[in-house]
Structure formats: structure tokens, C-alpha cells
Amino acid sequence: MTKRPAFDVAVLGAGMVGVASAIHLARRGASVVLVDRRGPGEETSHGNAGIIQREGVHPYLFPRSPLKLVQYAMNLRPEAHYQLASLPAVAPFLWRYWRASAPGQARRTLAANIPLFAACLETHGELAAEAGAEALIARQGWLRLLRAPAAVAEAQVQLAELRALGLDAVLLSPSETGRLEPHLATGELAGAVHYRDPWTVSDPGALVRAYARLFERLGGTIRQADASKARRDGGHWRIGDGLVAGRIVVALGPWSKAFLAARGLKLPMGVKRGYHRHYRPAGAGVLNRPVVDDANGFVLAPMAAGIRLTTGAEFARLEAPATPVQLARCLPIARRLFDLGEPVEAEAWLGARPVMPDMLPVIGEAPGLPGAFLNFGHAHHGFTLGPASGRLLAQMMAGETPFCDPSPYSAGRFL
Ligand SMILES: Cc1cc2nc3c(=O)[nH]c(=O)nc-3n(C[C@H](O)[C@H](O)[C@H](O)COP(=O)(O)OP(=O)(O)OC[C@H]3O[C@@H](n4cnc5c(N)ncnc54)[C@H](O)[C@@H]3O)c2cc1C
């Protein structure tokens, strides 16, 4: 007879997605161990722009304009960059991403996003209240800056779609934008969209840590260990010495692909790497909410540590050396918008968004791996969607009726 494992479930990875999954499983009475080689929330879930993007249902698509494609190919634009040496490794993903960005799949992704994003505020709200972390959250929305009349016209189409979904977003003139953000230079703008539903977080890593403490209060266990040797053993999963669980949840963010490939499950995940660095405001300048420079792909987000400048996507191997050229390109543009002083850190932070070609996460059972479940690939929105997708996965694992149809997120769509 096989011995009962020490834990019902081991959640591998303590980013926003893993921590939230662990909480929702523990709430359902499972004994859960959360395993990470670092502390909770120290990787991608620490370094993001901190926006809980209630409005973020439209997928980021591979651009189709010939002019933009030529500029991307020549690495001329600040919002995207690729490392030439990584090109052979990332090209297969880019090809799948391009194909999945065709209008038909983009519409399917939008439809599949709607119920998950609809749950993001409620699921964060309940965790933040229970964790006593509400002071980290602001509820003033964020601003998308538009630099050209064509961008304003495009935004109007998107706004109509968002309003049809019951979302609150308004188009502002440059002077209205300036009234909301008096220290922002609006002279180069054609307008802005104020998304008023989303919440923003002043220290994303701290929010994950607060949720992790809540998980411990619910009876959960946190272990610092490398999960890369986890293996099936006697009907259970052995993660390491003395660490045995009946089932595992793979929530390893950008590292999920390699973990699964080593166990025979090959999924077409890529990464969009991103950088950030904090700057002190020069003088008495205040930024009340994150502003996103749409044309240049960067965000200026007011954080506890300073104004966080985050970059768009870098296409390179996950472990390739840092090349923060986008930060260097965006900084002078950002400085024209807001008076940034000295950098806070000596070096830029580098992280990687885990992305599937169709920009949808993978949530559900792992095909061919008994007792393994998946929750990763949330791309630009893992911080937003961690609690909602954690709830969905826990419902599936507990045999409850899931709050939305999970089939669009199944790993089987790639097999
Ligand atoms: C610049 C930037 C800006 C962003 N802005 C936003 C935003 O405003 N809003 C938003 O919603 N999203 C944003 N994102 C995306 C978001 O940060 C990610 O989607 C999200 O953090 C992914 O969370 P995760 O839990 O899946 O992964 P992670 O947070 O990376 O967690 C994975 C965990 O797995 C652990 N791990 C890896 N390998 C092992 C191993 N072998 N053994 C044990 N543990 C291991 C890691 O230590 C890590 O803690 C942004 C991302 C970037 C890069």
C-alpha cells in the first residue's frame, strides 16, 4: 500500500499565480505546500507595472502594419526589441504568435478573456481585505497616453467595446489630462484614455507577500526548495527530500515550459522580457496614477520605491544576458513627460512575461501527467489574473462547477 503523502497539493511557484492558487486550494480544505526556490513574489510578480487591469480584455497582438514590421525587423522602435543571437530560438514562437494574431483567433481570445477579467477586481478585493493589504491598492485607474489623432480614433473604437462590457473609460483632451495629472507635460499628446475601473498597486511584490502570509494563516506551508527535480513516485509527486504531495500545480511562470518539456509535455510558450528601474521625481512632481505611453510601450507607475519606468517586450531567450536598450530609449521620452530625477537602483530589473501564442493562459489538467495541473502563461496580465485563475483552477481541482467555461485555457488546444 502506498503511504499517504504529506500534502494533498504542492503548488510549484510562489508568484501571484501560485500564491493565489494555493490560497484557493487551502480554502477548500486541502493541505497545501507552496514551493519556490526564492521567497514569494520575488520574480515577475514583483517587477511589473502593478496595474490590476480590469479593462485588459483585448489581447496584445503581433503587429500587422508593414511599416511597423520593417521597423521591428530593424530594431528601431522602443516598445519592442529582439536579440539577434536569440532569434533562432525565439523564431518558432514568433511565427505562432503572428498566426494567432489573425482576426479570428484575436476575437476568440477576447471572448475567452471576458469572464476572467470580469472576476479580477472581486478576487483581488477579497484577498486584499482578508490579507489586510488594502493600503497597497489605489483605485484611481490609469491613463493611456495617445500621441496622434489616428490613435485617438482607434481608442474610440476600443472604448465603445469596453463600454458595451459595462466598463468605465473616458477619452480626455490634453488639457483634461493635465487637470488629472498636473505634473505631466501634455504638449506632445493628442489625448488620453482614462480607464477608471482598474486598480493599481504601489508595491506588487509586497502584495504577493501579503497574500502569502494569508495563505500561511489559512494553514498553508511555504517551503523554499528547487522544484526542478519533481517526479512521479508511487502514485504521488516527490518534489524533494521529505516533500511529497498527491497532486502538483505548475505555476512556475516563465519557467513552466522547461519544467513540463523535461516531463514530455511540450507547449509553445514564449517570453516577452521586460525591464524596470525606479527614478526619484525631480523636485516636487507627483504622479497620481500609472501613465502608459502607448506609442512607445512604456509605463511610468508611481510606486513606494519611486516612479517605476517599465518597458515593452524584448524577444530573447529566457536566460539570455540583459540588454536594457529599451530603457535607454524610453528614458528621454519619459523625461519629456514627467520630470524624473536620479535612478534609485544601480541597475535595471529584468523579468519575463510568460506568453502563449494566443495570449491566453493555460489553466487545467496537464495532459499525460497524472496528478499534475497547470496555471501559467498569463502574459501581460498575470498580476491581474492570478486570483481569478487561482479560483478557477481550485474549483476544477475540487470538482466544483467552475465560475466560467475553462475549455479555452486547456493545454489540449496546443496538442
Ligand atoms: C515589465 C512588466 C510589466 C508588467 N506589468 C503588468 C501589469 O501592470 N499588470 C499585470 O497584470 N501584469 C503585468 N505584467 C505581467 C505579470 O507580471 C506576469 O504575468 C505575472 O507576474 C506572472 O506571474 P506568475 O506567478 O505566473 O510568475 P512569477 O511571478 O515569475 O512566479 C514564478 C515563480 O516560480 C519560481 N520558480 C521558477 N523556477 C523554479 C524552480 N525550479 N523551483 C522552485 N521555484 C521556481 C520563481 O522563483 C517565481 O517565484 C508585467 C510584466 C512585466 C515583465
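How many nonpolar, polar and charged residues make up the shell around the ligand? In this predicted model, the shell divides by class into 16 nonpolar, 20 polar and seven charged residues. The residues around the ligand number 43, and G15, N48, G253, G274 and G382 come nearest. Several secondary-structure elements contribute at least two residues each to the shell, namely the helices α1 (16-27), α2 (44-47) and α12 (382-397) and the strands β2 (32-36), β14 (270-281) and β20 (349-355). Both domains take part, since domain 1 and domain 2 each provide at least three residues of the shell around the ligand.

The domain assignment places residues 1-61, 101-136, 200-268 and 358-415 in domain 1, and residues 62-88, 137-199 and 269-355 in domain 2. A distance of 26 Å separates the C-alpha centres of domain 1 and domain 2. Contacts between the two involve 35 residues of domain 1 and 31 residues of domain 2. On the side of domain 1 that touches domain 2, at least two residues come from each of α2, β3 (51-52), α6, β9 (199-201) and α10 (256-261). Helix α6 supplies the largest share of that side, three residues. By class, the side of domain 1 that touches domain 2 holds 15 nonpolar, 14 polar and six charged residues.

Helix α6 itself spans residues 120-131. From the first C-alpha to the last, its 12 residues reach 16 Å, close to the 16 Å expected at 1.5 Å a residue. The buried residues in α6 are C120, T123, H124, L127 and A128. Viewed down the axis of α6, the buried residues fall within an arc of 125 degrees, so they line one face of the helix. Just after α6, G132 adopts a positive phi of about 70 degrees.

Helix α3 (66-73) presents another case. None of the eight residues of α3 is buried, so the helix lies largely in the open. Just after α3 comes N75, with a positive phi of about 55 degrees. N75 is in the loop between α3 and β4 (80-82). It is a residue other than glycine. Most residues other than glycine have a negative phi.

M359 is buried, because 25 other C-beta atoms lie within 10 Å, where the cut-off for burial is 20 or more.

Three further residues were examined for their surroundings. L327 is placed in helix α11 (residues 325-337). With 23 other C-beta atoms within 10 Å, L327 is buried. Leaving aside neighbours within four places in sequence, the contacts of L327 are Y275, R277, L309, T311 and A348. Between L327 and F62 there are 265 residues of sequence separation and a C-alpha to C-alpha distance of 21 Å.

F93 belongs to helix α4 (residues 87-100). It counts as partly exposed because it has 19 C-beta neighbours inside 10 Å, and burial calls for 20 or more. Apart from neighbours within four places in sequence, F93 is in contact with P268, G270 and P357. The C-alpha atoms of F93 and G306 are separated by 35 Å, and these residues are 213 residues apart along the chain.

P402 lies in the segment after α12. It is partly exposed, with 17 C-beta neighbours inside 10 Å. Not counting residues up to four places away in sequence, P402 touches L392, Q395 and M396. In the case of L392, the separation from P402 is 10 residues in sequence and 5.8 Å in space, C-alpha to C-alpha.

Methods
Residues are numbered from 1 along each chain as its sequence is written. This is a predicted model: local features need pLDDT of at least 70, side-chain atom pairs count only at pLDDT 80 or more; totals for chains, interfaces and linings use all residues. A residue is near a molecule or strand if its C-beta atom, placed from the backbone, lies within 6 Å of it. Helices (H or I, at least four residues) and strands (E, at least two) are DSSP runs, numbered from the N terminus. Ala, Val, Leu, Ile, Met, Phe, Trp, Tyr, Cys and Pro count as nonpolar, Asp, Glu, Lys and Arg as charged, and the others, Gly among them, as polar. Domain bounds come from an automatic or database domain assignment. The expected span of a helix is 1.5 Å times one less than its number of residues. A residue is buried if 20 or more other C-beta atoms lie within 10 Å of its own, exposed if 12 or fewer, and partly exposed in between; C-beta atoms are placed from the backbone. The arc is that of the directions from the helix axis to the C-beta atoms. Two residues are in contact if their C-beta atoms, placed from the backbone, lie within 7 Å.
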